[in-house]
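Good morning, colleagues. Please turn to the sequence and the model on the screen, and we shall go through a few selected places together.

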There are 2 protein chains.
Amino acid sequence: MTHHASPTAAAAHADMANCIRFLAADAVQAAKSGHPGMPMGMADVATVLFTRVMNYDAADPTWANRDRFVLSAGHGSMLLYSLAYLTGMPGMEIDDLKNFRQLGSKTAGHPEYGHAPGIEMTTGPLGQGIATSVGMALGERMAAARYGADLVDHYTYVIAGDGCLMEGISQEAISLAGHLKLSKLIVLWDDNEISIDGSTDLATSEDQLARFAASGWDTTRVDGHDPDAIAAAIAAAQTSDKPSLIACKTIIGWGAPNKQGSHSTHGAPLGDDEIAAMRDTLNWSHGPFALPEDALTAWRAAGARGAKARADWQARLQAAPADIRDAMTAALSGDLPAGWDDGLKAHIATLIEDKPKLATRVASQKALDALVPSVPTMIGGSADLTGSNNTKAAGMTPVKPGDYAGNYIHYGVREHGMAAAMNGLALHGEFIPYGGTFLVFADYNRPSIRLAALMGVRVIHVMTHDSIGLGEDGPTHQPVEHLASLRAMPNVLVFRPADAVETAECWALALMNNGGPSVLALSRQGLPTLRAAASADMPSAKGAYVLAEAEGGARKVTLLATGSEVEIAVKAREMLQAEDIPTAVVSMPCWELFSAQDQSYRDAVLGPDTVRIGIEAAGDMGWQRWLGDNGAFIGMEGFGASAPAPALYAHFGITAEAAVAAAKAKL
Amino acid sequence: MTHHASPTAAAAHADMANCIRFLAADAVQAAKSGHPGMPMGMADVATVLFTRVMNYDAADPTWANRDRFVLSAGHGSMLLYSLAYLTGMPGMEIDDLKNFRQLGSKTAGHPEYGHAPGIEMTTGPLGQGIATSVGMALGERMAAARYGADLVDHYTYVIAGDGCLMEGISQEAISLAGHLKLSKLIVLWDDNEISIDGSTDLATSEDQLARFAASGWDTTRVDGHDPDAIAAAIAAAQTSDKPSLIACKTIIGWGAPNKQGSHSTHGAPLGDDEIAAMRDTLNWSHGPFALPEDALTAWRAAGARGAKARADWQARLQAAPADIRDAMTAALSGDLPAGWDDGLKAHIATLIEDKPKLATRVASQKALDALVPSVPTMIGGSADLTGSNNTKAAGMTPVKPGDYAGNYIHYGVREHGMAAAMNGLALHGEFIPYGGTFLVFADYNRPSIRLAALMGVRVIHVMTHDSIGLGEDGPTHQPVEHLASLRAMPNVLVFRPADAVETAECWALALMNNGGPSVLALSRQGLPTLRAAASADMPSAKGAYVLAEAEGGARKVTLLATGSEVEIAVKAREMLQAEDIPTAVVSMPCWELFSAQDQSYRDAVLGPDTVRIGIEAAGDMGWQRWLGDNGAFIGMEGFGASAPAPALYAHFGITAEAAVAAAKAKL
């Protein structure tokens, strides 16, 4: 079935590919769990990629201009670990492979970004890899537009399975990639016609090539076990002016004589007997984790193929004009430039002086106006809600098909694809992406936010229309559980600023959060500026702070609120103070930052011996932590409704009067 | 541009379509918010549908064999409300239109299921309508396979916009519909080339017709302002053996002389001046909410066109064989059949006797084996994880393209499409759908679960692999925040049973929950049967109960746990009792049901004066409510890891020893 340039080359290829197959089969067997079928089926494709096609240097897996490789079908993690070991990436030893799926090992069940070399991103949740790779490929073009083709010129390769292509996010991704003509994105589809339930024709009869073509992709189909055909297809794809899909017809679990071609190879060890039979079939005389010396030598040579290219690139970088070199180096560092917040500080001072009434989404745009000129790596965008999310700062220009110099991305009505592309832009290295949608649609892109949190990647989600305060659009558009559901996610900073000053501060904090995603929950409706006085630091940095202390005696009541409800707390405080009840207002723009403060600060803010009333136009999940046994909560008990915002606040009893009554009932 | 059968017919059509346009423009203007552009652009298409095509009787908008109409582009709600009023559906009066988007009105900003006649489902979040309609169209075929074409034989029509088609869920939906050959599903795409940010070519350049064709759809394109062309295209689609997409080239806001064709008509009132200009342009001499008598009369006649068809159908139902008639009537009632839980009760008795060690996902399959034969309206399925979710009960047979007699759906790797299709199956009326995926992938289908909650639709999500207890697949597959994020959603029952007995009870409770979705969070790993004694009622029905009471004195410690951690609580109790500390174990399979109990029951269970320790292999969000100020929580503080499950429980300190130490520290 295969046609090689020469018998010798064919034998060498087969041996090298079989290294992957046996490492995968043996590691899964040792772990007593895992997915051997995919690495075995795609071993030929991966071998071609890593020995004949890709421009990389195993000695430096983070070289900025390397070709990217994303294993979207992340369950085939042993493919990636095998490649890292075989090519000689530092820090991946044979013992790591033996330790597959064990506690603390680099070789987790699915590839975890940062755990081992060669892992461009965490994959496993299907469709995320292909969608994130769109962001990487876009990042490559955008970086090339900024720093020149001498310094940025690489491909992004993806291996995706049937599952990745069945996920809806794949459509958002390929549609965006086709539209933007990301011609250096090449997807290799493991077209093995097998899914977990059995043959793919149980559930799909789609013409994938036609689908990709409809989205502006070049497509072709090859025998995924014919190295020369694979190489030729990739070579053709490299010269296309469109992104390319190469359907690789493969046999899942290729090499396992009795099980190949069956879904039984997908997600379980092959068993000792089948592996023994595989050794017989493939004439493999080496024991588990032992490899033929010739093949390993050839693999290591392949891994070093790109050493000269990397050295040449390094020389070009050194020889580049200083402004280009410095700008690229600074962007890749991830550090914010000197003086990045000067404009923002001046903006905050003006806000405190002028005390405008602004929706925080509008305040967000003003903060962006102050930040974007100073932080040129910020890349804006929205899922077709630019005017509503207020995400386009003054002077931003759109990224267009074939023209990547802009800094604003019209993602289309593709919240999920946007969030994944943002992850890819951030992972590519040069950019700080932010993107907008309505908070309620956090449900649409949650899986990609979670991956950003897991990877520790800096992306900023601007989520406006953050409560019933959006009014007439009604319950489908009114988040009530979304703050809780995002706060529940580890390693996410959820900001809900109360006014324009806090909004500016939260933007600064989100930019400084270089270890994970941030979410800015912003109001549609206008809110007064509540911050009375300038301060040397940013009170929002501690997550919660006393906005107005009690007067006329020891504090008896603490009103805790976030976002648009801080205004209500301020009114309630006035009413309680008028009744000689010393009351403080605590604004809590970020629970996660507040949780990280020490106990004494938290106690000083919360007032443990006071009656604590929480006010938030959302469900109460999580609030008990701040309110304690003698606290009460003013918020939503179910879904919202369609009506003007003031009517809704009254209808649902989220009022200063209700807060006052609750406080007095608890005193 | 348009070509009519006769000038008279053309004028009549124009008047009728303009009724929609003016009602939409005037209602949005009166509300000072809303979306006039879509109803105005699609008024011609809708008029053709409701006056010439659809088989319905406005007098009975819930007639079981009516053609379904889904407004996937839900922001165009005034289209739907106008149609309900114009056709004469009971309970939709002109005052309701005048009251658009006001508190308590039937005419919410987006169509809300149950608020007004003619609303087949709640829409607004884009893509949900088209995906849910797949379930309706599938439900039609499945009901026809059961009750015969005499009783079930209708079309499902959908109006979808560019946004719906850009959402990834649309791909999952059309791929599934094409695969299953749902030939009576007809989608009318409002192809107006306008999105919120501006022209659609800002973000997409997809060939939608080619995309649908790739998924097995018939496609065509018509002038969306030419009634005869629209009617002809629909007539052709009706006879296709595939689902059909009709791209209707329209002008958004058609009729507004200065604004039509612009995104400015999409989501804001046109303004008094533009509406006045529109009256001039269209020679419309009627004031706001006033309609020409001829046109209204014609509309009412159109709405009554189906009266005879409905009467004939009613007669056929009466004349049908008793078993068919009774089965269909019973299915449509939504009631569970007499004796539906006899088998389950016997199964529970056997479990208590045998005390097997079973993963709750396996216990779920056994519960299904006991239920499905008694509840023939249950429709199973999985998003390609059948063997892992254990969702296929004994004897279930797959639904296949062209053969809809089965009761198990291979949804493919399409979690979101599955959840939406389940909503559609439930909304169609005859079925109780359940579907499986991993709990972590609740993030993928969350928007559809939310819609089920908002609509109050009975669907059951089987979500297995519910914690770090799944082991080696690692953090991408280990939910830690998903229980909290689902518990935060209003009107969802989240069940996490501790053993096989609770699993069976929770299945019964989920089936009995006819007012919203239920989620069953189930373990991958084996769990002992903890329920010691049979009981007349189902202890799980109260949401939480004392599984083991303290001994040797007044209770000092209450250990509260769910699911797989109840076993840990039982061990901790033994250790505490051995130290003469009277300790109770409370199992909490469903927080929502427990919250609905009266205070005295809750206090009796929780033991307000005891030290309360919560144990759950998840984050602590929400637990403070049950634990109080002197409580402590044993669980996860961040993401999981890849390792065998026992190693993970030890690593993360979710152990009986930790619970004992926490209790003693608090005593």
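Let us begin with helix 3 of chain A, residues 43–53, in this predicted model. Of its 11 residues, 10 are buried, so this helix is largely enclosed by the rest of the structure. Buried here means under 20% relative accessible area, exposed means over 50%, and partly exposed lies in between, with a 1.4 Å probe and protein chains only. Helices (H or I, at least four residues) and strands (E, at least two) are DSSP runs, numbered from the N terminus. Among the buried residues of helix 3 of chain A are A:Ala43, A:Asp44, A:Phe50 and A:Val53.

A word on conventions. Residues are numbered from 1 along each chain as its sequence is written, while chains are lettered from A and ligands numbered from 1 in the order in which they are written. Local features need pLDDT of at least 70, side-chain atom pairs count only at pLDDT 80 or more, and totals for chains, interfaces and linings use all residues, while side-chain values use heavy atoms, with hydrogens and water left out.

A:Glu415 lies in helix 18 of chain A, residues 415–428, and counts as buried at 3% relative accessibility. Leaving aside neighbours within four places in sequence, its contacts (heavy atoms within 4.5 Å) include A:Glu172, A:Thr437 and, from the other chain, B:Glu167.

A:Thr437 itself lies in strand 11 of chain A, residues 432–438. This threonine is buried, at 1% relative accessibility.

How are the two chains related? Chain A can be laid on chain B by a turn of 180° and a shift of 0.0 Å along the axis, with an RMSD of 0.0 Å. That is the relation of a two-fold axis. The superposition is by least squares on the C-alpha atoms of residues with pLDDT of at least 70 in both copies.

Finally, consider strand 18 of chain B, residues 583–587. Five of its five residues are buried, so the strand is largely enclosed by the rest of the structure. On one side are B:Thr583, B:Val585 and B:Ser587, and on the other B:Ala584 and B:Val586. Strand 17 of chain B, residues 557–561, runs parallel to strand 18 of chain B, joined by five bridges. In this pairing, B:Leu559 stands opposite B:Val585.

Methods:
Two strands pair if DSSP finds at least two bridges between them.
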